[in-house]
Amino acid sequence: MKIVKTGTHSWENRHETFMQPLIDLYDLENDQGGTPLEGYNDTTKGIQAILADAIKNNTSVRALGSGWSFTPIAATNGIMLNTKLLNSLFPMSAASTAPAYTGDPAKLLFVQSGNGIWEMEAWLQKAGLSLKGCGASNGQTVAGAMSTGTHGSAFNFGATQEYVVGIHLIVSPTRHVYLERKSYPVASAAFVADIQAELVRDDDLFNATLVSFGSFGFIHGLMIETETNYLLEAYRLRLPMDASLLHIMQTLDFSNSNLPCGKEVPYHFSVLVNPYDIDKGAFVTVMYKRPYTTAYQPPKNNNAGIGPGDDAPVFIGTLTQALPSLVPTVVTKLIDSNYAPYDKQLGTLGQIFDNTDTRGKVLSTALGFSLDQVAKVYQLVLDLNKTKGPFVGVLSFRFAKQSKGTLAFTRYDPTCVLELDSVFSPETYDFYNAFWDALDQANIPHTFHWGKISGWTPEKMQKAYGSNLDAWISARNTLLDKTGQAIFTNDLMKQWGIGNG
């Protein structure tokens, strides 16, 4: 493995919301001298050597993906390891899968953790395959998206981590494991031997590792299940924010909907609300899965360069903190010029959700809660905006299937996700804090997206997850010894009471 010690002593995340001091940033790259598998295994040894040095020097370590998180959840003040060039992909065969595996080996793909979502989707397209889902942006690495629970809005599928069925985890200088569920064996003993790992099949350990924001060790590779390529038929329209739309949002019952394809259950359903222009209706984005064909016109970006699957953070950063009296006008003008309705557009998953960048400095908080709380939470935000606002941003509702991840924030069945996307300012933080306090006062159970601005405290985390939090900590203690826990713990985990060292 090639290791370049850059001498960098500070690092800024993609959304420019924090600057992380650190000892050094290492760029990692596979050795190109042998076969891809030999390069992969050599990288495993190289990472183990880095961990040995970290232990010797009492230094923390974290893997760096695309830096998409809004907080230092995946960062450290020690050594950060840039994984972006660790992007090998390995198709699987029947010989590589366990005899008890019930899926199609041809739809399995083993990917190195630095692969970007967009990179995997491009590779899969050539093979006639596709990812099962993604976030609204494809700029994350696969390990980063999984580890923070990136959710998208494929509400009959779930969050990104749901297509992960195997995890190659480096936990110490002398141990690395290939982890999967005992209830769902996937890889053969021969494959695990090929990557020179120890096979561990355990549902509890696997489910805990899925959403662990880099704190369970270095995630080197992931086994993912894909599906036959498909198209998405996408629409965006404005509908009255009335009882009919709220009924759909609280039930996901489309039997009486006035959506473009009637009562057909969509693949994607999301609702964006401009709190200053509610009378003209909410922006409803809906997408339906269609069989793949080459006989279609790829989707087009709008005049602002916004694609059909892009969400508010793509453009909300171009706002500035306006005088209170001007906020309604400024927000409405931005939404109308960037988020216009569109009629039928067709594209693959990677074409519809094609954004890999951001514009300007953005803040975003995202909360998960059960569907029966939708109307209550919606009204709470509107009322709060009258007393603690004006909030310089928009409200976005998305929906996802309950995750199996022990600490997944999409833990409700199903989960409504409310995102409050805004400008980077002290006023935005003040509004977020007021909103979180109001949720607590209203006794509305909720979770926070691990990669976004949150109101987590040790008490709130215990209240939200209960025995799941205990199980997650137990799994971490099982996979990592005390030394390993120390080097993979960062300041944010200590603040939340879930880290050692």
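**Ground rules**

I number residues from 1 along each chain as its sequence is written, and my side-chain values use heavy atoms, with hydrogens and water left out. Because the model is predicted, local features need pLDDT of at least 70 and side-chain atom pairs count only at pLDDT 80 or more, while totals for chains, interfaces and linings use all residues.

I take helices (H or I, at least four residues) and strands (E, at least two) as DSSP runs, numbered from the N terminus. I call a residue buried under 20% relative accessible area, exposed over 50%, and partly exposed in between (1.4 Å probe, protein chains only). Contact, touching and covering mean heavy atoms within 4.5 Å.

**Entry 1: helix 2**

Which residues of helix 2 are buried? I looked at residues 117–126 and found I117, M120, E121 and L124. Seen down the helix axis, these buried residues fall within an arc of 100 degrees, so they line one face of helix 2. The arc is taken from the directions from the helix axis to the C-beta atoms.

I then checked what covers the buried residues of helix 2. The cover includes strand 7 (89–91), strand 8 (108–112), strand 9 (129–130) and strand 13 (218–225). It also includes helix 3 (142–148) and helix 9 (349–352). Just after helix 2, G128 takes a positive phi of about 75 degrees.

**Entry 2: helix 10 against helix 11**

I fitted axes as lines to C-alpha atoms, for helices over the stretch in contact, with angles from 0 to 180 degrees between N-to-C directions. For helix 10 (residues 374–388) and helix 11 (residues 426–441), the axes come within 10 Å and cross at roughly 135 degrees. Helix 10 and helix 11 are therefore oblique to each other. My classes: under 35 degrees is roughly parallel, over 145 roughly antiparallel, 65 to 115 roughly perpendicular, and the rest oblique.

Which residues make the contact? From helix 10 I list V377, L380, V381, L384, N385 and K388. Helix 11 brings F431, A434, F435, A438 and L439. By class, I read nine nonpolar, one polar and one charged residues. For the classes, Ala, Val, Leu, Ile, Met, Phe, Trp, Tyr, Cys and Pro count as nonpolar, Asp, Glu, Lys and Arg as charged, and the others, Gly among them, as polar.

The axes of helix 5 (residues 203–210) and helix 13 (residues 467–479) come within 9 Å and cross at roughly 105 degrees. Helix 5 and helix 13 are therefore roughly perpendicular to each other. D204, L205, A208 and T209 of helix 5 meet W472, A475, T478 and L479 of helix 13. I sort this contact into five nonpolar, two polar and one charged residues.

Next I looked up T406, in the loop between strand 20 and strand 21. Is T406 buried or exposed? At 10% relative accessibility, T406 counts as buried. Leaving out residues up to four places away in sequence, T406 touches D204, N207, A208, Y465, N468, A471 and W472.

T71 sits in the loop between strand 5 (61–64) and strand 6 (79–85). Its relative accessibility is 12%, so T71 counts as buried. Not counting residues up to four places away in sequence, T71 touches F18, W450, G451, K452, I453 and L492.

R175 lies in the loop between strand 10 (164–170) and strand 11 (176–180). R175 is partly exposed, at 28% relative accessible area.

Where are the cis peptide bonds I noted? One joins G389 and P390, with omega about 10 degrees. P390 lies in the loop between helix 10 and strand 20 (393–400). Another joins D413 and P414, with omega about -10 degrees. P414 is in the loop between strand 20 and strand 21 (415–423).

I also noted positive phi in residues other than glycine. Phi of L252 is near 55 degrees. L252 is in the loop between helix 6 (243–251) and strand 16 (268–273), and is buried at 14% relative accessible area. Phi of N443 is near 55 degrees. N443 is in the loop between helix 11 and strand 22 (447–448), and is exposed at 60%.
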